[in-house]
Amino acid sequence: MPPLSSSPRSGHLTRLAVTPEHWLESARQVPSPNHNARPEGEVSALVLHSISLPPGRFGGPAIEQLFTNQLDPGAHPYFADIHQLRVSAHVLIQRDGRLVQFVPFDRRAWHAGRSRWHDGQRERVELNDFTIGIELEGDEVHPYRDVQYRTLARTVAGLMASYPALTRERITSHARIAPLRKTDPGPAFDWAYFDRLLDDIQD
């Protein structure tokens with residue numbers, strides 16, 4: 001499914017800068033309490049997720065409230081089952097392409113859950129230890145917006161420049177690391193278009 005308003009070329013996209021404190025310069029900071037130290041300080045892979053709260057509804061404060069432990073269980077029936085979760089991602093890319101960062105990249109956000117990663121000759125199960133988690137505001141039905149793809153490509157390019165162990169081959173999805181539990185970002189995500197945008201990034 002193609003992205004909304006997609007074009008064959010990105011046109012002078014540049015990577016986003018990461019500060020020495022491990023925050024994106026262009027992101028709005030909403031610090032989450034849901035993080036801890038990376039055991040080995042490793043940042044070497046990236047997991048793409050999608051989220052909408054309530055499911056299928058975009059906009060509003062619920063995602064930020066979930067990641068900061070402030071979700072009101074009475075605001076929607078769906079929230080009654082999830083408001084006690086203690087989860088986070090490093091970054092959220094909203095439908096309009098704006099960035100919100102909850103956890104600095106050198107810290108361990110709580111996004112992957114029960115997952116497995118075949119990393120060379122070893123199987124790893126504590127993926128939060130070494131991955132960055134990026135949430136796209138969306139679901140598996142509605143196309144992601146072109147501006148989200150562009151922001152994602154610029155973000156990923158900046159992260160690869162800042163963390164050399166993170167390469168394109170080490171970008172994966174929640175569905176791939178937890179196939180029995182998760183399906184996001186789902187068939188609505190256009191991996192080929194995202195790859196083309198990464199190809200077009202200019203320093």
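Me: Which residues line the second largest pocket?
Reply: This is a predicted model, in which local features need pLDDT of at least 70, side-chain atom pairs count only at pLDDT 80 or more, and totals for chains, interfaces and linings use all residues. Residues are numbered from 1 along each chain as its sequence is written, and side-chain values use heavy atoms, with hydrogens and water left out. On a 1 Å grid over the protein atoms alone, a pocket is an open set of points where a 1.4 Å probe fits, with protein on both sides within 12 Å along at least five of seven lines, and lining residues have an atom within 4 Å of a point. The lining consists of Arg-114, Ser-115, Arg-116, Val-125, Arg-176, Ile-177, Ala-178, Pro-179, Leu-180 and Arg-181.

Me: How many residues of the lining of the largest pocket are charged?
Reply: The largest pocket holds about 650 Å³ of space, and among its 27 lining residues the closest to its centre are Ser-50, Ile-51, Tyr-78, Glu-135 and Lys-182. Asp, Glu, Lys and Arg count as charged. Beside 11 nonpolar and 10 polar residues, the charged ones number 6.

Me: Which strand gives the largest share of that lining?
Reply: Two elements, strand 3 and helix 1 (62–67), each supply at least two residues of the lining of the largest pocket. The largest share, 3 residues, comes from strand 3.

Me: How many residues of helix 2 are buried?
Reply: Buried means under 20% relative accessible area with a 1.4 Å probe, protein chains only. Among the buried residues of helix 2 are Tyr-149, Leu-152 and Val-156. Helix 2 is mostly covered, and of its 17 residues the buried ones number 12.

Conventions. Buried means under 20% relative accessible area, exposed over 50%, partly exposed in between (1.4 Å probe, protein chains only). Helices (H or I, at least four residues) and strands (E, at least two) are DSSP runs, numbered from the N terminus. Grid points are joined across faces, edges and corners, and a volume is the space filled by probe spheres set on the points.
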